[in-house]
Amino acid sequence: MDTLAVLAEAAEKYEVFHAMSLCRLQMKTMVSSHPLKVLKHAARHDYLNLIQEAVSYLVCLPTADVAEYLPTGYAIPWVRYRELWDSYFDDNIKRIMELPISSHGPRNGFFTASLQLKYVIHA
């Protein structure tokens with residue numbers, strides 16, 4: 001990925017459009033394994049589709065860790081996106097916790113108990 005990032009930056013700098021396009025396509029295939037590096041390049045060059053793909057892999061990371069890779073203009077939108085995602089996650093965890101335990105045996109009880117423990121530890 002490091003070689004691709006250097007090549008992509010050179011293609012952008014010298015405006016080699018065909019190489020720019022190929023680098024974007026290659027980065028798209030690597031977004032799941034290197035989302036921060038892809039995000040850094042995509043944000044620097046305003047590739048919105050690539051940014052959108054990368055952020056979906058980054059919601060589990062601390063907000064500040066991701067913000068370090070972003071140009072200043074993307075920091076506030078990233079914080080807002082994370083706040084919405086965190087709110088959505090919290091609301092859904094609360095809904096799950098409120099579900100009654102069915103009479104299908106201990107499996108459902110174990111699932112609920114493990115969620116409660118995980119949520120309390122990470123909250």
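1. Setting aside neighbours within four places in sequence, Val-38 touches Met-1, Met-27, Met-30, Val-31, Leu-50 and Ala-54. These contacts, like everything below, are read from a predicted model.

2. Val-38 is also among the residues with the most contacts inside the largest nonpolar core, together with Met-27, Leu-39, Ile-51, Val-66 and Leu-70. That core has 24 residues. At least two residues of this core come from each of H1, helix H2 (17-30), helix H3 (35-44), helix H4 (48-55) and helix H6 (72-98). The biggest share is that of H3, which gives five residues.

3. Glu-12 sits in helix H1, which covers residues 2-13. The residue is buried but has no salt bridge. Its nearest side chain of opposite charge belongs to Arg-24, 4.4 Å away.

4. What does Glu-12 contact beyond its neighbours within four places in sequence? The partners are Met-20, Arg-24, His-41, His-45 and Tyr-47.

5. On the surface, a nonpolar patch is formed by Tyr-81, Trp-85, Tyr-88 and Phe-89. Together these four side chains' residues have about 430 Å² of accessible area.

6. Phe-89, one of the patch residues, lies in helix H6. Is Phe-89 buried, exposed or partly exposed? Phe-89 counts as partly exposed because its relative accessibility is 42%, and that class runs between 20% and 50%.

Methods. Residues are numbered from 1 along each chain as its sequence is written. This is a predicted model: local features need pLDDT of at least 70, side-chain atom pairs count only at pLDDT 80 or more; totals for chains, interfaces and linings use all residues. Side-chain values use heavy atoms; hydrogens and water are left out. Helices (H or I, at least four residues) and strands (E, at least two) are DSSP runs, numbered from the N terminus. Buried means under 20% relative accessible area, exposed over 50%, partly exposed in between (1.4 Å probe, protein chains only). Lys and Arg count as positive and Asp and Glu as negative; His and the chain ends are not counted. Contact means heavy atoms within 4.5 Å. A nonpolar core is a set of buried Ala, Val, Leu, Ile, Met, Phe, Trp, Tyr and Cys residues joined through side-chain atoms within 4.5 Å. Patches are made of residues with over 30% relative accessible area and no salt bridge: like charges are joined within 9 Å, nonpolar side chains (Val, Leu, Ile, Met, Phe, Trp, Tyr) within 5 Å. Accessible areas come from the Shrake-Rupley method with a 1.4 Å probe; for residues, only the protein chains shown count as cover.
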